[in-house]
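Here is a short briefing on nonpolar packing and aromatic contacts. Please keep the sequence and the model open as you read.

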Amino acid sequence: MKKAYVLWIILDLIFLVIFNAVFFVASGVGHEASVWISYGFIHFAYLMLLITPGLIRKGTSAAVFGFSLYSVSSIYFLLEFIIGVIFILISPDGYKAALLIQLCVAGIYCITLISQMIANEHTADSEEKRQYQIEYVKKASAELKSLMDSMNDEETKNKVEKIYDALYASPVKSHPGLAQAESQILVGIASLRGYVSAGEKAQIVSSADSLLIAVNERNRQLKMFN
């Protein structure tokens with residue numbers, strides 16, 4: 001077990017140890033139901049604060065997602081701690097007020113937390129989709145640029161350059177309906193590289209013409225989807 005992980009566990013336990021020590025040493029174990037309810041809700045709020053990192057959606061904006069969830073959990077913990085301590089100090093005979101108030105606060109927290117998690121999921125999905133869209137043009141362009149740099153024949157090189165220009169000017173925005181077409185273009189570029197390596201000029205010309213048509217067709221279909 002890594003030392004840093006052990007230190008984090010110790011840090012997380014400090015509040016629980018101090019809070020429970022003060023609670024039991026100062027007031028013993030004989031309490032009204034309202035006090036035990038408050039005791040339980042305080043521990044629940046702290047537990048939620050501890051597990052919040054596990055609720056953060058991974059992605060390029062993970063830090064932003066983490067800040068928003070931490071803010072919600074931190075505010076809930078501080079609010080619940082204040083409310084819980086007040087009920088512990090007052091120690092009312094009835095339990096209903098303590099239960100209903102803290103249950104409502106916990107409910108508002110859960111709704112807010114889940115809503116924020118849903119919003120984070122939508123944002124992360126949009127980022128992944130955007131990244132995929134960028135990757136298609138970026139990867140295909142890089143492959144063609146590398147291929148052109150390795151070619152000596154001007155005629156075939158000009159053919160490939162036309163594909164590169166058409167692809168480089170292509171919109172990075174995509175559509176799920178174009179996934180197969182984009183995949184076929186990438187496969188076609190790989191095949192073209194094989195023809196270039198083998199020096200098969202006729203195949204290079206034929207493959208390049210087909211690729212140019214495929215790239216232009218993909219761009220045409222994209223306009224229809226939008």
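The largest nonpolar core has 20 residues. Leu144, Val160, Ile163, Leu167, Ile189 and Leu192 have the most contacts inside it. A nonpolar core is a set of buried Ala, Val, Leu, Ile, Met, Phe, Trp, Tyr and Cys residues joined through side-chain atoms within 4.5 Å; buried means under 20% relative accessible area, exposed over 50%, partly exposed in between (1.4 Å probe, protein chains only).

This is a predicted model: local features need pLDDT of at least 70, side-chain atom pairs count only at pLDDT 80 or more, and totals for chains, interfaces and linings use all residues. Residues are numbered from 1 along each chain as its sequence is written, and side-chain values use heavy atoms, without hydrogens and water.

- Helices here are DSSP runs (H or I, at least four residues), numbered from the N terminus.
- The top contributor to this core is α4, with six residues.
- A second, separate core has 18 residues, including Phe41, Ala45, Leu49 and Leu113.

**Aromatic rings**
- The whole structure holds 17 aromatic pairs (Phe, Tyr or Trp rings, the six-membered one for Trp, with centres within 6.5 Å; planes under 30 degrees apart are stacked, over 60 edge-to-face, the rest tilted).
- Phe15 and Phe81 pair edge-to-face, at 5.9 Å centre to centre and 65° between the planes.
- Phe15 lies in helix α1 (residues 3–27) and Phe81 in helix α3 (residues 62–90), so the pair ties together parts 66 residues apart in sequence.
- Phe15 is partly exposed, at 21% relative accessibility. Phe81 is also partly exposed, at 29%.

Key:
Helices (H or I, at least four residues) and strands (E, at least two) are DSSP runs, numbered from the N terminus.
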